[in-house]
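Me: I'm new to this one. Can you walk me through it?
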Amino acid sequence: MTAGVPDDDVHWQRTQANNAPPYWTYARPIVKSQQDDREYRVIRLENGLQTMLVHDAKADKAAASLDVAVGHLYDPDDMPGLAHFCEHLLFMGTEQFPKENEYSEYLSKNNGYSNAFTASSNTNYYFNVGTPALAGALERFSAFFHSPLFNPSGTMRELNAVDSENKKNHQNDIWRIYQVNKHLSKPGHVWRKFGSGNKTSLTQVGRDLKAKGQLSGDELKAPSLAPSPIPSRLASPAPSTTSESESEADGGPVGRETRRRLVEWWSREYCASRMRLCIIGKEPLDELSDLAVKLFSPIPNRGRDPLPTISDHPFGPAEKGTLVSVQTIMAFHVLEISFPLEYQPPLWRYKPGDYLGDLLGHEGPGSLHSYLKHKGWITALSAGSQDLARGFAMLKATLYLTKDGFLHHRAAALAVFNYLSLLRSNPFPKWYQQEISALSNIRFRFLEKRRPDDYAVAVTDHMAWPVPRDLVLQAPRVRSEWDAEGTAEAQVTRTLASLHVGNGRGVLMARKEEFEELNGKQEWSAEPWYGTPYRVERFDEEFIKEADGPNTISALQLPRPNEFIPQNLDVERREVAEPQPRPHLIRETPLSTLWHKKDDRFWVPKAHVIMEMRSAVANESPKASVLTKLFADLVNDSLTEYAYAASEAGLSYNFSESTLGIYIVIAGYNDKLHILWRDIMEKVRNLQVQTDRLDVMKEQTKRDWENFFLGQTYRISDYYGRYLMNERQWTIPEKLEALAGITAVDVQQHILSLLSNLHSRILVIGNMRKDEAANLAKIAEDILSASPLASTEADLSLLLPDGCNYVWSLPVPNRNEPNSALTYYVYYGPLTDQRLRVTAALLTQILSEPAFDVLRTKEQLGYIVNASSWPSHGASHTGLHVVIQSERGPVYLEQRVEAFLDYMKGVIGDMKEEEFLEQKNGLGRKWTEAPKNIAEEVQRYWSHIDSGYLDFLRRSSDADLLNTITKDEVQALFLSRVHPSSSTRAKLSIHARSQKPPTKHISIAAAEAFVQLAKSEGLPVENIHWKEDLMASGEPTVAEFATFWQKALADSPAEVKQKLLEGVTSILENHPADKDAEGTYKDGVVHIKDVKAFKSSLAVSELPKPLAEWNDLPTPKF
């Protein structure tokens, strides 16, 4: 009953359910964190489905995750991406709930959310929802796994969605290099598969069968999945000229064949015994058990292997001992060295891969990281084990190289093998394995809650591990001390012995021109799915000899004992009726304000400290902004070796620049937090800028900024939208210009200027008393020795005037990026107006789910579609933000957004009071959710301290006011501030236009004109089923059209065919395709030509003032 743990079977007991089939209950108590106040139970249904039930009496959010033990490695060989396509089409209605967006609509109205992902060996589906709505959500969710419709009308739309998702990643180096690594597996291995899939890979079989005349057009459907007589799919409520007809929606014979294969695959692979479920709710365990048994028992057990495992590793002799060079899109240098590794979950007790990964990835004195950093060859290093699939794994060391490191990549790689030789030549320190075991136990003991859906996903993932069911929560997180019998040491020794050069593979990543600079012109191969250029060469004999030899680098050493391991884990706990709803101002000086809240909710020996040091010079010019960033980077760089021990011991820090100065965040066990705090302050005050490290930071900054413009298009359009509405922000090109000439002297002088006049805002929350918090503030003031800041520094935004309709159009910098993007913004008003704020939030919620359903699901505009609120810089004002990334042009996208808004005018007007109340209740539950951990609580309070409004009780007061908001108020706000017809609305859109020539399509009218032309030339076209074969899945591309007719008219005279093809150009001009429609600008659009003039014409938001006077401080002040 517990896969891989036969001794565990005796602990299952048969249980009788209430009005449901009997099931099995795991009798032993589930081992959980001492901090965990939830109750757990594991049951197994008669169909083999295992379920972890979690009763959380304090929950205000419920969740569930169902994990299926098949992923893309189980795709049919001839249909790559089928598991991913299944994940998409599965949501298109069920027999019980045939309406296509019933599930997402239900969740949206009940403060919920859902998602899914397809991995190599599993597919995971999950959701969260307000606790009262759990049963209804589970009813809808469970039906996807026993009676999905896989509705034919959704076939083409979800094929297009998969295709769009894949195209989104075409210029993404992570996906490109991932597929190169898969492609370079041994021949015939399943790891070579193309898991994402695209429209071509999913329809090639059908197209081949159609070409052979083997598709009749009446492909059989699985009887149990016959479409419901109730329509599940409605056409787009805001129809465009490109709306898909019902006859095209199933993809014709080819689409029906893809769906047939999907149903066949699902009916074979989606088996109850392969599923693991986690349900988290407020209901008692018995009630959760009944829900699980009732709703998930109908899932059939098809007798399949519960946990199919692939033990054959993708690295064979030909793949080992090689260096793979891969060309990148973005500018970066990475060397990855990887070794085949045993599948790690069966080794859960001692985790040898993690043990060795920790040593390789250590960043303290004497570490591999320290050596390579001091050589100037890396900016970062990571190492660890990675389970690629159920059955095989890798151990990887990833070196993020500088330009000099790239030039010395051979020596850098040899340093990795030198460190492995060092490990082999020394006994494993007993204190080290005791230390990591102790730290893992401390982490588990004080494990805080997290978002319930995240937790449910983690639980279902770990339920696939071969561990006793009572250890499902503990085993993945805790490392046992090594046993006296030597089992642990033997596992680590065996693993380490396999980490030799002849067993590994290196992957070197850089741009083409940098490879040519290093090696000259070379021949490259191309990975077939993404076209990524790569080349493979074997390690030379000299390299192998050095790599297999003893360690020759004296600077490399084993780690030292960790001085940051917490000793005092006591929690000062005082029972309270209700947690305090806000922090209190406990200290105020001319240099700082300190807000504090002693933890009265989570009771863990942890604290979070945030301090923002505001300075008038931090962002006064592009150069100043760059200097502030370099200062932050250099502080982090100088602290790496020292602070690494703290992070390993559960005490992390972040030091980063902001538009107003510098942020310092420390979070973790409070026992030694003050030590790290003092040392950071000393480093900030006394940093001596070294030219060699500054050069590394400048190189990294330049790469990061340049690479931003090679990323996702919607991020670029959003970036420029933010820039236009920000009172003081410098563009990346402005900062790049300033970066080039910066010297160490410039940075040193800027540090003095930055720290000379400061005002800091500090928040301390956690297991710290007032005097301890005050001491942190005093330490900072004493060490920094600044003078008070003369002026008030605040983030201010720019405000659009009423009645405006602005468009800023700009090209996408990456010329090979096929996607354009639209950022569409309409301004609501000031967030300080509570009634407006609440009404706007409710309106945004009402618009959000239909925007996704209409613009993404129905109109298929692109994979990235989102509608949400967009608070301004400084959190003083807000608006509605719609963003779309698409192969369609941004003018057309804007037309579709405005058609959607016009449609929503009717939806809101016709909304029944019951539905309106559901929307209000869902939003109210969101606002009254309690924070799940200290980090969430800190972010809630910090946002109000950072903005200066100090409106700590906003969520609860807004939830109260929400009850009084009427539909008339929402409608009035929509009509005045959102609807395109409004004369008072203020609107701005950013059009990021792809420079890549778009793919042209053939309209039905153009195809008919072509056929008539062919007839006029006397060609026999009457018996060619071109409509069914060519147009069934919508408008084909010009290339597809040409290929079809060249084959169909293969026996016709060449000169006649040539004449026909030459006539296509004029036919296209006379009968343009709907898919190629560019759209037109509305009357009244004002194009932004001079950006700086535009920004200077806008009003600036007011300086923030507290919205509440708390009167916390005693008299006199500090």
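Reply: What follows is a short chat about aromatic rings, one glutamate and a sheet. Keep in mind that this is a predicted model.

Me: Rings to start with. How many aromatic pairs does a search of the whole structure find?
Reply: The search turns up 49 aromatic pairs.

Me: Pick one. Why is the pair of F150 and W266 edge-to-face?
Reply: The ring centres of F150 and W266 are 5.6 Å apart. Their planes stand at 75°, and over 60 degrees counts as edge-to-face, so the pair gets that label.

Me: Where do F150 and W266 sit in the chain?
Reply: F150 is in the loop between α3 (134-146) and α4 (155-168). W266 belongs to helix α8 (residues 252-269).

Me: Is F150 buried or exposed? And W266, buried or exposed?
Reply: F150 is buried, because its relative accessible area is 0%, and the cut-off is under 20%. W266 has 3%, so W266 is buried as well.

Me: Which residue lies over the face of W266?
Reply: R302 does, at 5.0 Å from the ring centre. Elsewhere, K182 is over the face of W191, and the distance to the ring centre is 4.0 Å.

Me: Which residues form one aromatic cluster?
Reply: One cluster is made up of F91, Y103, Y125, F127, F141, F144, F145 and F296.

Me: New topic. Where does E448 lie?
Reply: E448 is in the loop between α14 (430-445) and α15 (452-462).

Me: What does E448 touch, leaving out residues up to four places away in sequence?
Reply: E448 touches F602, V604, K606, N933 and I934. With I934, a polar atom of the E448 side chain lies 2.9 Å from the backbone nitrogen of I934.

Me: Now the sheet. In what order do the seven strands come?
Reply: The order is β11-β12-β10-β13-β9-β15-β14. The sheet is open, with mixed pairing.

Me: Which are the edge strands?
Reply: They are β11 (378-389) and β14 (525-526), and each pairs on one side only.

Me: What joins β14 to β15?
Reply: Two bridges join β14 to strand β15 (residues 533-538), and these strands run antiparallel. In β15, Y534 is the bridge partner of S525.

Me: Which helices pack on the sheet?
Reply: Among them is α10 (residues 352-360), touching β10 (333-342), β11 and β12 (392-401). The direction of α10 makes about 170° with that of β11. Helix α17 (residues 512-519) also packs there, touching β9 (322-327), β10 and β13 (505-510). The direction of α17 makes about 110° with that of β13.

Key: Residues are numbered from 1 along each chain as its sequence is written. This is a predicted model: local features need pLDDT of at least 70, side-chain atom pairs count only at pLDDT 80 or more; totals for chains, interfaces and linings use all residues. Side-chain values use heavy atoms; hydrogens and water are left out. Rings of Phe, Tyr and Trp (its six-membered ring) pair if their centres lie within 6.5 Å; planes under 30 degrees apart count as stacked, over 60 as edge-to-face and the rest as tilted. Helices (H or I, at least four residues) and strands (E, at least two) are DSSP runs, numbered from the N terminus. Buried means under 20% relative accessible area, exposed over 50%, partly exposed in between (1.4 Å probe, protein chains only). A charge sits over a ring if NZ of Lys or CZ of Arg is within 6 Å of the ring centre and within 35 degrees of the ring normal. A polar contact is a pair of N or O atoms within 3.5 Å; within protein, one must be able to donate a hydrogen and the other to accept it, and residues adjacent in sequence count only if both atoms are side-chain atoms. Contact means heavy atoms within 4.5 Å. Two strands pair if DSSP finds at least two bridges between them. Axes are lines fitted to C-alpha atoms, for helices over the stretch in contact, and angles run from 0 to 180 degrees between N-to-C directions.
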